Amino acid sequence: MAQEREADGPVPPVVAFDFDGTLTVKDSYTAFLKWRTPKGAWILGGLKLVPAALAYLVHRDRGRIKAAATKVYLAGVGRERLEADAREFAALHSRSLLRPDAVIAWKRWRKERVRLVIVTASPDIVVAPFARGLGADDLLGTPLHFDERGRVSGAFASPNCRGPEKVERLRAAFGPDLRVRAAYGDTSGDTEMLAIAEEPYFRVFSGKP
């Protein structure tokens, strides 16, 4: 089936960027959790996560250990509070986290007729302020689950957006005629996304702020 057409032509193809390690120099979610957690609570939380870390050595499921960390450090936090914290974190740390060469590539694509999409395993609520600052057309991340009172439950609302899930999310967002003009990633969690791209780029950025 042909792509739907907009008033001025075909639907633009997607250029997909992984976030952590690709657009950034390190894992943004870990940095965010550490930033908003007092030092003593951070250390205590690390001790609580020892069983989850040991279990990870067996199951190798990054989503499970990330959910465990979310429960330890964020359970009970309200959505509005978390959104405000995420905005403050991005305002304070975007310059120290974003790779300059990755941002240059992002801006170069911005001049073409494409949809710039961030596809990340990190919680979308944390990455959203960065995405807005970059002018992303879309953000596909891992959504946190909130209880009936709008507080973080410590679980995810959908599967961890990593590996095959990245492709599933792209297809769900853009339909069966999805065309990925280019994709950028840096780990095995990006393999499937890179495989469907016309131009796959693996670990091409190394710049540091």
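## Close-up views of a predicted model

**View 1. β4, α7 and β5 form a right-handed β-α-β unit.** Right-handed here is a matter of viewing: with the strands pointing away from the viewer, the path from the first strand over the helix to the second runs clockwise. This is a predicted model, where local features need pLDDT of at least 70, side-chain atom pairs count only at pLDDT 80 or more, and totals for chains, interfaces and linings use all residues. Residues are numbered from 1 along each chain as its sequence is written, and side-chain values use heavy atoms, with hydrogens and water left out. Helices (H or I, at least four residues) and strands (E, at least two) are DSSP runs, numbered from the N terminus. Strand β4 covers residues 115–123 and β5 covers residues 138–142; they pair in the parallel sense over four bridges. Pairing takes at least two bridges found by DSSP between two strands. Across from Val117 sits Asp138 of β5.

**View 2. Thr142 sits in strand β5.** With 0% relative accessibility, Thr142 counts as buried (buried is under 20% relative accessible area, exposed over 50%, partly exposed in between, using a 1.4 Å probe and protein chains only). A polar atom of the Thr142 side chain lies 2.7 Å from the backbone oxygen of Ala121.

**View 3. The largest nonpolar core holds 43 residues.** Phe17, Leu23, Leu82 and Leu144 have the most contacts inside this core. Helix α7, residues 124–134, gives the most to it, with six residues. Such a core is a set of buried Ala, Val, Leu, Ile, Met, Phe, Trp, Tyr and Cys residues joined through side-chain atoms within 4.5 Å. Zoom in on Leu82: not counting residues up to four places away in sequence, Leu82 touches Phe32, Leu74, Val77, Ile125, Leu144, Phe146 and Val152. A second, separate core of 13 residues includes Val117, Val119, Met193 and Leu194.

**View 4. Helix α8 spans residues 164–174.** What is buried on α8? Glu165, Lys166, Val167, Arg169 and Leu170 are. Their cover includes β3 (14–17), β4, β5 and α9 (191–195). After α8 comes Gly175, with a positive phi near 85°.

**View 5. Thr24 lies in the loop between β3 and α1 (28–36).** Is Thr24 buried or exposed? At 0% relative accessibility, Thr24 counts as buried. The Thr24 side chain gets to the backbone oxygen of Lys26 at 2.6 Å. Beyond neighbours within four places in sequence, Thr24 is in contact with Phe19, Leu97, Leu98 and Arg99.

**View 6. Zooming back out, the protein chain has nine helices and nine strands.** The radius of gyration is 18 Å, close to the 17 Å from the globule rule for 209 residues, so the chain is as compact as a globular protein of that length. That radius is taken over C-alpha atoms, and the rule is 2.2 Å times the number of residues to the power 0.38. Of the 209 residues, 46% count as buried.

Conventions. Contact means heavy atoms within 4.5 Å. A polar contact is a pair of N or O atoms within 3.5 Å; within protein, one must be able to donate a hydrogen and the other to accept it, and residues adjacent in sequence count only if both atoms are side-chain atoms.
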